[in-house]
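Dear colleague,

Please find below the structure for your review. My notes on what was found follow directly after it.

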Amino acid sequence: MKFSKVIAAAVMVLWACGTMAEGRVAVFDVEAAVLNTDVAKKRLTAMRNQAEYKKNVSELEALKKNYDKQVEQFQRDFDILSAEQRLATKNKIDTARDDGEHLARKIEASNQQEAQSILQELGPKLQKILPDLIKAENIGLLLPRKQVLHADVSFDITAKVADKLNQTK
């Protein structure tokens, strides 16, 4: 009930803003725009080609294969294992899962750190081009794409922003 009231209120606010605003409504994803630039793609590729990163990814793949194999073996042998063997095997599987999750978090942290660095680097350029694009596209209301329940692709200016960032030096 409350959710439908919130949705109804949001729709009315958006409708009211749309009717009062001069221009159209658009959505925009800052992170997607920046990470789809040529600079970001090159930097992310360079990071992913580093020996440490590749080592972590291949180790994660090996851990996942080992984990899957252990789980499969445990499921096959479950009926013939004693309670102590089940517990020992379960602990071994849990350790393998924890190791994989730790390594996956480490890889994700590397990705996020590089993405944050790229966002900081391209932030000033974005601040320069966004007002011009808003004016050129006659945008009266710009919303963050991640906060919108639904938006047709025609409302999304993320790709245009990425193109403009690629054109700036």
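The charged end of R86 lies over the ring of F78, 4.0 Å from the ring centre; the criterion is NZ of Lys or CZ of Arg within 6 Å of the ring centre and within 35 degrees of the ring normal. F78 also takes part in the structure's 1 aromatic pair, in which its partner is F74. The geometry is edge-to-face, at 5.6 Å centre to centre and 85° between the planes. Here rings of Phe, Tyr and Trp (its six-membered ring) pair if their centres lie within 6.5 Å, with planes under 30 degrees apart counted as stacked, over 60 as edge-to-face and the rest as tilted. F74 is buried at 17% relative accessible area, whereas F78 is partly exposed at 34% (buried is under 20%, exposed over 50%, partly exposed in between; 1.4 Å probe, protein chains only).

As to provenance, this is a predicted model, in which local features need pLDDT of at least 70, side-chain atom pairs count only at pLDDT 80 or more, and totals for chains, interfaces and linings use all residues. Residues are numbered from 1 along each chain as its sequence is written, and side-chain values use heavy atoms, without hydrogens or water.

D29 is located in the loop between β1 (24-28) and α2; helices (H or I, at least four residues) and strands (E, at least two) are DSSP runs, numbered from the N terminus. D29 is buried, with 9% relative accessibility. Its side chain reaches the backbone nitrogen of A32 at 3.2 Å and makes a polar contact of 3.0 Å with the side chain of R145. Such a contact is a pair of N or O atoms within 3.5 Å; within protein, one must be able to donate a hydrogen and the other to accept it, and residues adjacent in sequence count only if both atoms are side-chain atoms. Beyond four places in sequence, D29 is in contact (heavy atoms within 4.5 Å) with R145, K146 and T158.

In helix α3 (residues 38-48), A40, L44 and M47 are buried. These residues lie on the same side of α3, because they cover an arc of only 60° around the axis, taken from the directions from the helix axis to the C-beta atoms. The buried residues of α3 pack against α2 (30-35), α4 (51-77) and α5 (83-136).

Regarding confidence, pLDDT (the predictor's confidence in each residue, from 0 to 100) averages 87 over the protein chain, and 86% of the residues score at least 70. It stays under 50 over residues 1-13, for which the model has 1 contact beyond four places in sequence.

Yours sincerely
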